[in-house]
Amino acid sequence: MAMFLIRRIGHGILVLWLISVAVFALFFVAPSNVAQTLAGRQGTPETIALIKHRLGLDLPVWQQYLHFLGNAVKGNLGYDYYHQVPVTHIIGQALPITVSLALGAAVLWLALGVFNGVISATHPRSLADRGLTLFALFFYSFPSFLLGLLLLYFLYFRLTLSGFGWFPAGGYAPLAGGIGPWFQHLLLPWVALALLLAATYTRLTRGSMLDVLGEDYIRTARSKGIRESRVVVVHGLRSALTPVVTQFGIDLGQLIGGVVVTETVFSLPGLGQTAVTAINQQDLPVIIGIVLFASAAVVVANILVDIGYAVLDPRVRLH
Amino acid sequence: MALLQVRDLKVSFDTPDGTVRAVRGLSFDVEAGQTLAVVGESGSGKSVATQTITGLTRGAKVSGTAYFDGTDLITADQATLRRLRGAQIGMIFQDPLSSLHPQYRIGWQIVEMIRAHDLTISKQAARKRAAELLTLVGIPRAAERIDDYPHQFSGGMRQRVMIAMAMALDPALLIADEPTTALDVTVQAQVLNVMRRLQEQFGTAIILITHDLGVVAEMADEVVVMYAGAVMERAPRRDIFYRNHHPYTQGLLASLPARSEDRLTPIPGTPPSLISLPKGCPFAARCSHVFDKCSEPPPLTDVGGDPRHQSACWLPHDVNEAVAS
C-alpha cells in the first residue's frame with residue numbers, strides 16, 4: 001500500500017510537470033499582447049517594455065519557466081497579470097463554488113443514475129426499462145448549455161413573471177451566508193449538470209447490474225432463500241458498483257477542475273468560469289494555476305479510485 | 001408418499017428462434033434420505049428441471065406438479081418457495097469458483113443463510129454454527145478461516161463451503177447440480193465423501209445431477225437417464241449398470257473410459273434441437289438399433305415386469321439381459 005502510494009504520487013508529479021511544460025510552451029507559441037492590453041490604447045512602446053519587464057515577459061521562455069517552477073515548488077503559483085492577486089488566492093476563491101456545484105450534482109446524478117440503472121436491470125425490456133433508457137439518452141444527447149438555458153427560462157424567468165421568485169437568475173451565495181440561499185442558487189445548476197451525467201450512470205449501472213445478476217453467486221443467493229430485494233442490493237449492487245465508482249471518481253476529478261459550461265450559463269464564478277476569463281485575457285499565471293490544479297484533481301481522483309477499488313473488492317491488491 | 005414427487009413436468013422458453021422445450025414431461029420421486037441421480041449430457045434439461053422446481057428459472061412456461069412435503073412447488077408463490085429454499089431445500093452448484101460471492105467473507109455468507117430463515121438466532125450463535133459446519137465439511141482451522149474470502153480457498157475447499165452453507169439449516173433435500181464436475185478427480189472423491197457423510201448424519205435426500213456415471217456408481221440409489229428433455233430410462237443403480245435397456249443408457253456406459261479398452265466409444269451425432277424435435281424417439285437419429293417403430297414416440301414402460309425399472313424404447317422389454325451382455 002505504501003509502495004503503491006509512493007509510486008502513484010510520483011507518477012502524478014511527473015504528469016503535472018509535463019502538463020506545466022506543455023501549457024507554458026503553448027502559451028508562448030501563440031502571439032501574446034498582454035503588455036499591450038495592460039498599457040491601454042495609448043501606451044507607448046516604452047510603457048509596454050516596462051510592463052513586459054515587470055511581468056518578467058522579457059526574459060527567455062526557459063528562464064520564465066524555471067522562475068515559475070521554482071515558485072510553484074514552494075507553493076506559490078505566481079500573480080495574475082492584471083491585479084497582481086496571488087493565483088492560489090484566485091483558485092481559493094473559485095474552488096468552493098465549483099466544489100459545491102460538483103458535489104451537489106454528484107449526489108443527484110448518482111442517486112438518479114444508480115436507482116434508474118437498477119430498476120432497468122431488474123426489469124429488462126420492460127416499459128420502465130425502455131422509458132428510463134429513453135429518459136437517459138434524451139438528456140445525454142442534450143446540449144448542456146441549452147438544458148441550462150431552458151431551466152433558467154422556465155424555472156427562473158417564467159416562474160418569476162408568474163410571481164414565484166423561487167430561483168435566482170444565477171450567481172452564487174456562499175454557504176457561510178446560510179444554507180437556504182446557497183441551496184437556492186445551486187439547485188438549477190445541480191439539476192442541469194446531474195441530468196447530463198445521470199445518463200452515463202444509468203447505462204453503466206444497468207449494464208454492470210445485468211452482468212452481475214447473471215452470475216452464479218446471484219443464483220446461490222436466491223437458492224439461500226433470501227429476499228429478492230436483498231439479492232439485488234446486497235449481492236448484486238455490491239458487485240455492480242465497482243465500475244460505477246471508477247467512473248464516479250474520474251468524473252468528479254474532472255469536474256472539480258471546473259465545470260465550464262454550467263458555470264458560465266448560471267454565472268457561477270467557479271474555476272471553469274475563472275479559467276475562461278483568464279484565457280480570454282491571456283493571463284498565463286492564472287491559466288497555468290487552474291490547469292495544474294485541475295490536473296492534480298484528476299490525478300488524485302484516479303489514485304482514490306484505485307484505493308476504492310481495493311476497498312470494494314477483496315481480490316484486488318494494491319502494489 | 002415420497003419426499004418430492006414430480007409428475008409430468010414441462011418447461012419451455014420462448015425465444016426469438018422458437019419455443020425451446022427444455023423439459024418434456026419429467027416424472028420422478030425422491031424418497032427421504034435417498035439419492036436420486038439425474039444423468040444426461042449438456043442440454044438434456046436436468047438442471048432446468050430442478051431449478052424450475054425451486055423457483056429459480058425465470059421467464060419459463062411451466063406445467064405439471066412437484067409435491068414437496070405436501071406443497072406443490074409449481075403453483076406455490078415466490079414467497080413460499082423462498083421460505084423453502086435454503087431452509088428445506090439446499091442447493092449446491094457446478095462451479096464452486098463462481099458460486100460464492102467474491103466480495104463477502106465465507107462466514108458472513110453462511111451466517112446470512114442461517115439468519116435469512118430465523119432472525120431469532122443471534123449473529124454470534126449463527127457464527128458459531130457456521131464454524132461448526134465448516135469443521136463438519138472438513139475445513140481445517142475453521143474458526144480462523146471463517147473470516148477469509150472465497151478466493152483464499154481452493155476449488156475443492158470452496159465446494160465444501162458451499163456444502164456447509166447448503167446444509168446449514170439441515171434441509172430435507174439437497175440438490176447438487178454437477179457438484180464435482182469442475183474439480184480435480186482426487187478432490188471429487190473427497191467432496192462426494194463429505195456429501196455422503198452428511199447425508200448419513202442428517203438423513204438428507206439428495207438429487208444429484210451429473211453426467212458422470214462414475215459419480216452415479218459412487219452415490220446413487222435410483223437413477224433417471226434424461227435425453228432431450230425427457231426420461232429415457234429409470235432404474236435402481238444396479239440395473240442401470242448391469243441390466244440396462246435403453247440404447248442411450250448403453251451408449252453412455254460405452255463412452256466411459258474402461259481399463260480394458262484403449263479407445264472410448266462415443267455416441268455418434270449430436271442431440272436434437274429442442275426447438276424442432278423429431279416426432280418419434282428423440283434418440284432415433286443416433287441410435288444403432290433404430291427401426292420403423294422409432295418414428296412414433298415411445299412410452300415409458302416397465303422393463304422385465306419391474307415397476308421400478310422403466311425404459312422409453314420400442315425394443316422388446318424382455319430381452320434386456322441379452323442386450324446388456
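**Entry 1: where chain B touches chain A**

I began with the contact between the two chains in this predicted model. I counted 22 residues from chain B and 16 residues from chain A in the contact. Next I asked which elements of chain B give two or more residues to the side that touches chain A. They are α2 (78-84), α3 (96-99) and α4 (106-117) of chain B. I then looked up the largest share on that side, and α4(B) supplies it with 4 residues. I also sorted the residues on the chain B side by class. I noted 9 nonpolar, 8 polar and 5 charged.

**Entry 2: confidence in chain A**

Where is confidence lowest in chain A, and where is it highest? The lowest is in helix α2 (residues 34-39) of chain A, with a mean of 82. The highest is in helix α9 (residues 216-223) of chain A, at 96. I keep one rule in mind: where pLDDT is low, predicted coordinates should not be read in detail.

**Entry 3: a helix pair in chain A**

I turned to helix α10 (residues 228-256) and helix α13 (residues 284-312), both of chain A. A packed pair of helices is described by the angle between the axes and the distance between them. Here I noted an angle of about 165 degrees and axes 8 Å apart. Angles over 145 degrees count as roughly antiparallel, so α10(A) is roughly antiparallel to α13(A). The crossing of the pair is right-handed.

I then listed residues at the contact. From α10(A) they include A:L241, A:V245, A:G249 and A:I256. From α13(A) they include A:A297, A:N302, A:G308 and A:L312. Which classes make up this contact? I found 13 nonpolar and 7 polar residues, and no charged ones.

**Entry 4: what the UniProt record says**

I looked up chain A in UniProt, where the entry is unreviewed. The record places "domain: ABC transmembrane type-1" at residues 95-305 of chain A. In the model, that span is 81% helix and 0% strand. Its end C-alpha atoms lie 21 Å apart.

The record also lists "transmembrane region" at residues 12-30, 94-119, 131-156, 182-201 and 286-312 of chain A. I checked two of these spans. Residues 12-30 of chain A are 95% helix and 0% strand, with end C-alpha atoms 27 Å apart. Residues 182-201 of chain A are 100% helix and 0% strand, with end C-alpha atoms 26 Å apart.

Methods. Residues numbered from 1 in each chain as written. Chains lettered and ligands numbered in written order. Predicted model: local features only at pLDDT ≥ 70, side-chain atom pairs only at ≥ 80, totals over all residues. Axes fitted to C-alpha atoms, helices over the stretch in contact; angles between N-to-C directions. Parallel < 35°, antiparallel > 145°, perpendicular 65-115°, else oblique. Left-handed = near helix turned anticlockwise from the far one by under 90°. Contact = placed C-beta atoms within 7 Å. Nonpolar A, V, L, I, M, F, W, Y, C, P; charged D, E, K, R; others polar. pLDDT = per-residue confidence, 0-100. UniProt positions renumbered as here; feature names shortened; annotations may be inferred.
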